[in-house]
Amino acid sequence: MSIGFLILFLALIPALWKRSGLFAILWLLGSGIIAFEYLEVLYSYSVQDFLISFPLPLGIANIGLNKLSAFFGTIFSIGLPLGFLYGHFYLKQHQAPGLRSHLFWLGILGLSMHGILWMRHILLFLMVWEVMSVSSFFLVMHDRSVSLKAALNYIITMQIGAGFLMAGFGILYLQTGSFDFSILSAMHSLPLYLLLIGFGFKAGFVPLASWLPQAHPVAPAHVSGIMSALMVKCGLYGILTLLAMNSLNLREIAVFSLISIVTAFWGVIHAMISTNLKKALAYSTIENMGIIGIGLSVGLLGLDSGNPVMATLCFAGALLHSFFHSLFKALLFYLSGNILCATHSLKADDLGGLAKKMPRTAIYFLIGVIGISALPLGNGFISELAIYFGLFNAISANDLPALVMGIVLLGMMAFVGALALIAFAKLFGIIFLGEARSPKADNACEIHRGMRIPQFALSIGILAGGVFGGLGLRFVKPVLRWMGLYMLPVLDLQGIYQRLSVIILLMLLIFLLLYLIRRITVKTVKSATWGCGYQKPAARMQYSSLAFVHPLSYFLKPFILLKKSGTSAKSMHPKEISYHEEALDPFFRYIVEPISKALAWFYSLFSHIHNGRTNAYIAWCLVFLILLLIWVLL
Amino acid sequence: MTRNPFSVQNPDQLEFLEFSERLSRLIAAGYSPLHYFGTPQGLLYSIMGKSGSLELLCSVFPTGGSYPAFSQKILAFTMFERLLYEEYGIKPEGHPWLKAVRKHLPGQDQHSDYEFLASESPALHEVGVGPVHAGVIEPGHFRFICKGEIVEHLEIQLGYQHRGVEELMLKGDITRKCSLAESIAGDTAIGHNLAYCLLIEELCGIKASATGTRNIALEMERVAMHLADLSALAADVAYIMGQNLFAALRTTVINSSLAICGSRFGKRWLCPGGVNYSISTAQAEVLRKTLQGVETQIIDCAEAMFANSSVLSRFDDTGKLKFEDAVSLGLTGITAKASGVMADARMDYPLDDESIFIPFTENAGDVYARAHLRYKEALQSLKLVLSELDKRDLDDPLPQELGKPRPDTIACSIVEGWRGCIVHMAKTDAIGKVEWYKIVDPSLMNWQALALVMRGTGISDFPICNKSFDLSYCGSDL
Amino acid sequence: MFDLIKARARHGYQAIPDPLTVSIHEKFPGRPDLSDKADLSELNNLCPNSAFTDRGLDLGKCLFCGLCERKHPDWIQFNPDFKLAVDSREKLIIAPGQTRMPEIAAIGNGVFKRSFAMRNVSAGGCNACELELGASTNVNFDILRYGVEIVASPRHADALILTGPISKHMAEALCDTWQAIPKPKFLILCGACAISGGIFAVSSELDRGFLKHWQACLYIPGCPAHPLSIVHGIHQLMGAK
């Protein structure tokens, strides 16, 4: 383990010398070594546990791995080097100042993400957590012209989250007097809620996720990918650690499931109506976190109501989904980087016809869409299937709360899944199919081969996970066993996945055969698309993003805050027709913004103190000293 | 009340300024243009009508090739001024929608150079349909600007069927152009042919025989086409019963036409001077029985259809045309009458002095109103045919001899076709040869109504809105 | 609902049992009997579309207006025989003394015996042929019983059925539609305007170049072509039983 981490630390040196290629290669190497060791911890009885003695007040700190950490560690070791590799090629295309510090903070972020998994001591954990937040803040700020406001919003939100964590940990310390992670088991409700909220900020649960759709779109593609695919999993790791060591009562589980449903629903409908590709992907991350939350809440319900099968299936699904999500979300974000490089636009309504211009990007995007919409052949199908099986089990159980929750969650999850499919069908269709809607898309061409390497790897991962569901399950089994869950349903699930693999492979084979036969025997003739005989077709004569979702968004009106503007045809002979709509984030608009405005107003009351004149500040210091003196004397 | 058809010898050629002033006064008095056009001889004509009285004005082309548009005063001039600009390059300054009608504008090269109103917003998309449409239907291009499924704006480009009918009328003997007149719009063969025959008879100064049979032909065409429209409307809302019943009833009606003249569309029936095929007593008896049976069945089926809730939910409130728009655009026929406009050439410009005709109207102006009005008009026409069969003398005489067209005469005939008001005008020169022949099919103006009513409607309601107007592409294109 | 049932009951059975052998009203101008004694040039002067040649009456130009029959009933008589369709342009010329129309050769070696899809292009006609073509699918004539349907997309079609004289503005759209139909494809001309330009043949606004490149396999005369002529013609073309 130490060799791997040593290599990762050494990678900071080429980072400071702007050698991003070497940086990426060192990360690949180091992560490979670490991954082996993580897997060893996962599958064997080998233990990585160190006690290091730090000076007070830290005391003796426990640094080590448990199966859960190893699980997430493997996910990080897969995702981070691919992201850095992509970043190397991406940054070559998008030259911006501050490459040195950007690479440095990338390295720090990677290290801190691994570090969080190792720290079993509260203060060390918080320190590494802060390092992670700060490093990601600098990464988001790479292109200052667009990202300043979003990045500041991000870091402030993260600090508020960290504040909740500190409050929770603080209460625990006051109660137990220890900094060790063992105090996390069997907590009282108050610190538990505070900690869950603190981790919820990072994981992206509604209403704490306003930062996500603002920060992820403005960050460079590789940073967005890493943050969306991997960093939110840190929050998830925290939540899972807490859930593994505590049991929630029925009311708490219901609240958790409610939050998860709202998160999933919220994420997906905003993903559906977003026209900016990265914004849609960011909202989709929120949706996926919601789905994981649904899985977790039903699993907890299973544990609470004594239905172990349900618990196992849902936890398996939730864990699988966290792994698979890291693959397809990263892929989609990297592809959005491709598109940005080629067309300089992320607005779907500017693009179109990119499948002809960028065929490989299109294929990878399609694979990513198959994964994220949980279509068979993609890995999302495997993980969501496990959650669905758990939900079916809930419905067939004799327990009334389980039945009610099962039905509601089943319906909502199916609805969310359908909307996700609509959202991504829309994105794929508008961006890649049809004709170019603007000169930006017209002039696109396929990007550098290097950028496609990590995308190729991720695509293979998605397809492999989708076709061979058993592999994913094997990866998750040790964690389930560690959580003390009943393992028999896993065997059943394994059997189902095996049969599924066979069916999928068979169908692929048949399809391939038919395709080859047709390719050889039938001569295809290509001719222009049938256009009703009109002689001057224009690119405007095809669907826009709004057109695709408009009929559905009509039903979702109560849930979306829309800002509309435009002119419609009033007179017999109108001169102009326009329409523009934008979805606003109500949490941001009605909670965060008023508070910031109020704070700004409050601080402005003191503006005459803050007037920038040194002699005034000295005068204030003097006043303060005099007051202090008076107080001491009294 | 002006006679219909009417003729004028050598009308005064005014200066354009005086022409413009008199036209403005007529507009202010509530007159609406039946036609407004230029001729190759460099003259402008306008025939203005208001509830029975017609005014014909003539002027030379304005100097400088442009003038302040009359469309700014009433929108009913828009199509005519566009045609004038397209044909002769005379620019109406301040015209709200100066685009090509049948071919292309003076500055453009081809028909396909037509520029549609477009939106800059990326959220709005366009849907372009045609010219080759999905069904067996004439060609035209419809460009929608859509916000999702709702239509923000519809623009219609026609001209695909332009065959140069007005030029073909001038080739050869004007009195032998029945076949051409019938082919202006084949579904309005009798309407246009009757207008043509009346015009020729007026030019030659004779009165035709067999006016009763001609009325029967016109009204039977009206019944047949209204049944066709009801059948098509029922088909579009998946009311298969109505589709098949009305289609079969239409076959019965047009087969009755075939039994008299040999053509289901009434082609070859009328000719200048009278009719080619008269209705004998025996034929009259068969016709009466057939039409009485048709009448009962129409009532049965239409009452069932208009009581059906799924039909009503599609028809009601869809494609509403406001009364003010119908009046300001100068629309005629079912399009206008369904919005409450009381205008029908059988009432305003009757062909004979004895008949008093009161047209039916509806007020809602939506698809239901137009469909229901067709039902009522079909029954009204059937009653007219049956009463005509009762009062007519047996066996019409042969068509009257025509003679030669009078020289230096402008004649105008107006017929209420089943779509609306048809106007034919022609002028003979000093030796009696026709100088120009002008045709207005009601569809020329009425297409604007379709563009107007689609705003704010779902695009999936376009077929029933289109069918509820059922306008002629070729009648507009000539 | 009961009023609907009553309407349906009163309506009765409307389908023509066999549209190939039904007899049409005697007034219908179908296949003409041209007498040997007829003066073809005199008839040609009379004809509004100059449809008489020195070999006989060209049904492709004939508008069936009946003027020749009314003026010279002993020279020419139109029979109520609606089976007018032929498979080549020359066969449309009715010679004096000719008593029947030639047979139509079936296409496709029996492949189209039970199914034939047509795409209609209306290229500048007066709408009468389009209405008659539409009527051939209605409850009375029901061409669908032979497996013939009129499809919306040219990609689904076997044949293009042209109505109208091909105006200039429709020429390119017609070509595009023809190109969009996959092989094997056939061209059917329905109505006098499609076959010869009809009454519009002398117009300067037509562009009939399309027909110079592509040969039609079925010509259905008439102005407009009667639905029974259309049904009969296509039925024979398909080689259906």
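Author: Pro224(C) is placed in the loop between strand 10 (218–220) and helix 8 (227–238) of chain C. In this predicted model, the peptide bond leading from Cys223(C) to Pro224(C) is cis, with omega near 0°. A cis peptide bond also joins Asn4(B) and Pro5(B), where omega is about -5°. Pro5(B) belongs to the segment before strand 1 (6–9) of chain B. One further backbone feature of chain C concerns Phe64(C), a residue other than glycine whose phi is positive, near 55°. Phe64(C) sits in the loop between strand 3 (56–58) and helix 3 of chain C.

The contact between chain C and chain B is the part to be examined closely. Here 58 residues of chain C are in contact with 56 residues of chain B. The size of an interface is often given as the accessible area lost when the parts come together. For chain C and chain B that area is about 4600 Å², with carbon and sulfur atoms giving 60% of it. Within the area that chain C buries against chain B, 14% comes from His11(C), Lys27(C) and His169(C), more than from any other three residues.

Between chain C and chain B, 19 residue pairs are in polar contact, both residues being at pLDDT 80 or more. The elements of chain C that each give two or more residues to the side touching chain B are helix 1 (2–11), helix 2 (40–46), helix 3 (67–71), strand 6 (116–122), helix 4 (128–135) and helix 5 (168–180). Sorted by class, that side of chain C holds 29 nonpolar, 18 polar and 11 charged residues.

Side chains of opposite charge can pair when their charged atoms come close. Across the interface of chain C and chain B there are 3 salt bridges. A salt bridge links Lys103(B) with Glu205(C), whose closest N and O atoms are 3.4 Å apart.

Helix 1 of chain C also packs with a helix of chain B. The axis of helix 7 (residues 240–261) of chain B comes within 11 Å of the axis of helix 1 of chain C, and the two cross at roughly 35°. The crossing of helix 7 of chain B with helix 1 of chain C is left-handed. From helix 7 of chain B, Met241(B), Asn244(B), Leu245(B), Ala248(B) and Leu249(B) meet Leu4(C), Ala7(C), Arg8(C) and His11(C) of helix 1 of chain C. The residues of this helix contact comprise 6 nonpolar, 2 polar and 1 charged.

Over all chains, the whole structure contains 38 salt bridges. Among them, Lys536(A) pairs with Asp113(B), N to O at 2.6 Å. This pair crosses between chains, from the loop between helix 21 (488–521) and helix 22 (545–553) of chain A to the loop between strand 6 (91–93) and strand 7 (125–129) of chain B.

Terms used:
Residues numbered from 1 in each chain as written. Chains lettered and ligands numbered in written order. Predicted model: local features only at pLDDT ≥ 70, side-chain atom pairs only at ≥ 80, totals over all residues. Heavy atoms only, no water. Contact = heavy atoms within 4.5 Å. Buried area = accessible area lost by both parts, 1.4 Å probe. Salt bridge = Lys/Arg side-chain N within 4 Å of Asp/Glu carboxyl O. Polar contact = N/O pair within 3.5 Å; in protein donor to acceptor, adjacent residues only side chain to side chain. Helix = DSSP H or I, 4+ residues; strand = E, 2+ residues; numbered from the N terminus. Nonpolar A, V, L, I, M, F, W, Y, C, P; charged D, E, K, R; others polar. Axes fitted to C-alpha atoms, helices over the stretch in contact; angles between N-to-C directions. Left-handed = near helix turned anticlockwise from the far one by under 90°.
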